[in-house]
Amino acid sequence: MELFFLQNIIFNAVWALKTLTDFLIEGRVFWLSIPIVIGVTGHRDLRPQDIPILRRTVRAELGKMKTEYLHSDFVMLNSLASGADTLCAEEALGLGISLVCPLPMDVEEYRKDFSEDELTIFDDLLSKADE
């Protein structure tokens, strides 16, 4: 009796796990997507000579994660400050990663913190953000 009960629990656990991880609809398997949320913060004043390597590194790391977790959606939380935040947001969007921008203050007040050139980039990225 105990063995039957244990086998039944194991069967139910495996069935539940399978049900949660894939669904069979019209002969195609759809995977349950667990989102991966990436938070970004970094220095504002990046040295110009470091920007190309930083871009390549960020792009490579984000690309690795997307390859490793094929069935997950990716979201980047990013306040779009100049420098590292902006660089990461641009690379994330280039890889099709959703951008969610929790700003530290009202957007009109936050915009005062940017130079004219930075403001153009900020506005462009904010317009591409999902939230």
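These are my notebook entries on a predicted model of one protein chain.

**Ground rules.** I number residues from 1 along each chain as its sequence is written, and I keep in mind that side-chain values use heavy atoms, with hydrogens and water left out. Since the model is predicted, local features need pLDDT of at least 70 and side-chain atom pairs count only at pLDDT 80 or more, while totals for chains, interfaces and linings use all residues.

**Overall make-up.** I looked up the secondary structure and found five helices and five strands, these being DSSP runs numbered from the N terminus (helices H or I, at least four residues; strands E, at least two). Read along the sequence, their pattern is α-β-β-β-α-β-α-β-α-α. I then noted that 25% of the 131 residues count as buried, where buried means under 20% relative accessible area with a 1.4 Å probe, protein chains only. The accessible surface (Shrake-Rupley method, 1.4 Å probe) comes to about 9,400 Å², and 61% of that belongs to carbon and sulfur atoms.

I followed S3 (residues 36-39) and S4 (residues 74-77), which run parallel and are joined by four bridges; two strands pair if DSSP finds at least two bridges between them. Within this pairing, Ile36 stands opposite Phe74, and Ile38 has Met76 as its bridge partner. On to S5 (residues 98-100): S4 runs parallel to this strand as well, with three bridges joining them, and here Val75 stands opposite Ser98. The chain crosses from S4 to S5 through helix H3 (residues 84-94) in a right-handed β-α-β crossover, right-handed meaning that, with the strands pointing away from the viewer, the path from the first strand over the helix to the second runs clockwise. I also recorded that S3, helix H2 (residues 51-68) and S4 make a right-handed β-α-β unit.

**Asp85.** Which helix holds Asp85? I placed this residue in H3. Asp85 is buried yet has no salt bridge, and the nearest side chain of opposite charge, Arg44, is 7.9 Å away; a salt bridge would need a side-chain nitrogen of Lys or Arg within 4 Å of a carboxyl oxygen of Asp or Glu. For charge, Lys and Arg count as positive and Asp and Glu as negative, with His and the chain ends not counted. Leaving aside neighbours within four places in sequence, I listed the contacts of Asp85 (heavy atoms within 4.5 Å) as Val40, Thr41, Gly42, Asn78, Ser79 and Leu80.

Terms used: Buried < 20%, exposed > 50% of the residue type's maximum accessible area, 1.4 Å probe, protein only.
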